[in-house]
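Student: Could you walk me through this structure with a few questions and answers?
Tutor: Gladly, let's look at it together.

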Amino acid sequence: MSVDMLFVDADATVTQGTVAATRQLRFRDRLTEGSVYTLSGFDVVHSSPNFRLCDAPLMIRFNDGTSFDKKLNPERPIPTESFRFMPYSRLLELANTGKQLPDITGEVNAIRSTITDRIPGAQRVMLTLRLGSGENVCVSLFDSMALAFHTKFDNYKKEARAVKVTSINPKIVGGRLFLNATSGTHLYFDCDTTASKEVFDTMPGEGTDGGSGSSKIVHAQKIEPVTVSELNKFSISAEPQIIEFLCTAKVTGIQTEEGWCYIGCATCSKKLIRETASFTCAHCIDTNAVAALRYRVTMTVSDESDTASFLGFDMEIAKLTCLQASEAAQIVGVGHDAQVDTDLPLSLAGVVGKTYTFQLKLNDFNFSSKHQTFTISRIFPESALAPTPTFATHVGNPGTGGNKPSTSANTSDKRPPQGKSNSDVDENGRNKAHVG
């Protein structure tokens, strides 16, 4: 993958830098967070309009002739922090556009984690922050980022109240704003940075001494295992609510009456309306929406107690079959016309007869008379243990190339450096780094 970073100079001017994937092995190990460099022989190009880390119109691009030397004692001091905070209204404007990766700071309002060391598969942490303007936003952390947050949270000497998150990607899902972490996301607690300390010091009952009130960790939330019969009875007798269960059952068939895939919006995943020469997305209000084929699979499952219908969507079914819906469609002859076909691809038909542990999320719809299926949120192999969130917290707070100039610069993350200078380069791609 390519490596992106932020450079900040002695005048506090922030510029994005990039190293292409073909050159990252040559340069990556020589760039360290918190270091100052003199760079020469690089290209100056227009900034990419997508996933921007700063507002500069131009960016630095490394080429085969780029050279740089580390400076231990820079002549002029270089800033150690630079953030790009945006108000809630601006986050809404950027949602689903893929244009900017802004930063936010807020007070911890709730944390939900599904981290467990006992099962394979994706892990997640949903961090709810209360912004200074009063809105609550949900930061979604997945896989290695979720594990990093969980480790930092557990090892912190006290319960963090103020959290700053960098390089988040705003998304609207189900009408709600989510701020998804990226490979360049960094998290800082309380007084780790000057910016987060300013928020921390304004919190009631807190202050620079870091005193904390009652514990925010209420209890470990466990997703209860149920049989198919218990699941069916619960949906009939219980009051409408949002709740999750685990159910281990065998897939006995795939219901093909409504097909196994649909033509969805590439932005919001909602089903598109086919027009004469284009597709319309009513959710995005886009009359020329980009179409993407997505899974929508209804499975008949059973155990020794009863049978039921489980509904799986794109991401989990793709993990199960190891094929994207578009690839599976081409195999069975759907091709570029993207017509939903009832002929099952072998990869999907192969799950029939196998036993899985399904994590199911019930909402108000499941307790209505129109309820027919249970929606799958995760699927685990039979041998895998059930996912048990390690902790959940809740606070009762309402709520283009050309010139090759020479410059002295410092790569730095948006966190205070370990030494006298600052630099940050993320391992996977998009980085929050500063150069001075």
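This is a predicted model: local features need pLDDT of at least 70, side-chain atom pairs count only at pLDDT 80 or more; totals for chains, interfaces and linings use all residues.

Student: How many bridges join β10 to strand β13?
Tutor: Residues are numbered from 1 along each chain as its sequence is written, and side-chain values use heavy atoms, leaving out hydrogens and water. Strands are DSSP runs of E, at least two residues, and helices are runs of H or I, at least four, numbered from the N terminus; two strands pair if DSSP finds at least two bridges between them. β10 and β13 (residues 187-189) run antiparallel, and the number of bridges joining them is three.

Student: Which residue in β10 is the bridge partner of Ile 104?
Tutor: Strand β7 (residues 104-113) pairs with β10 in the antiparallel sense over four bridges. For Ile 104, the partner in β10 is Val 165.

Student: Are the residues on the two faces of β10 buried or exposed?
Tutor: In a regular strand the side chains alternate between the two faces of the sheet. In β10 (residues 162-165), Ala 162 and Lys 164 lie on one side, with Val 163 and Val 165 on the other. Buried means under 20% relative accessible area, exposed over 50%, and partly exposed in between (1.4 Å probe, protein chains only). Both faces are covered, and these four residues are all buried.
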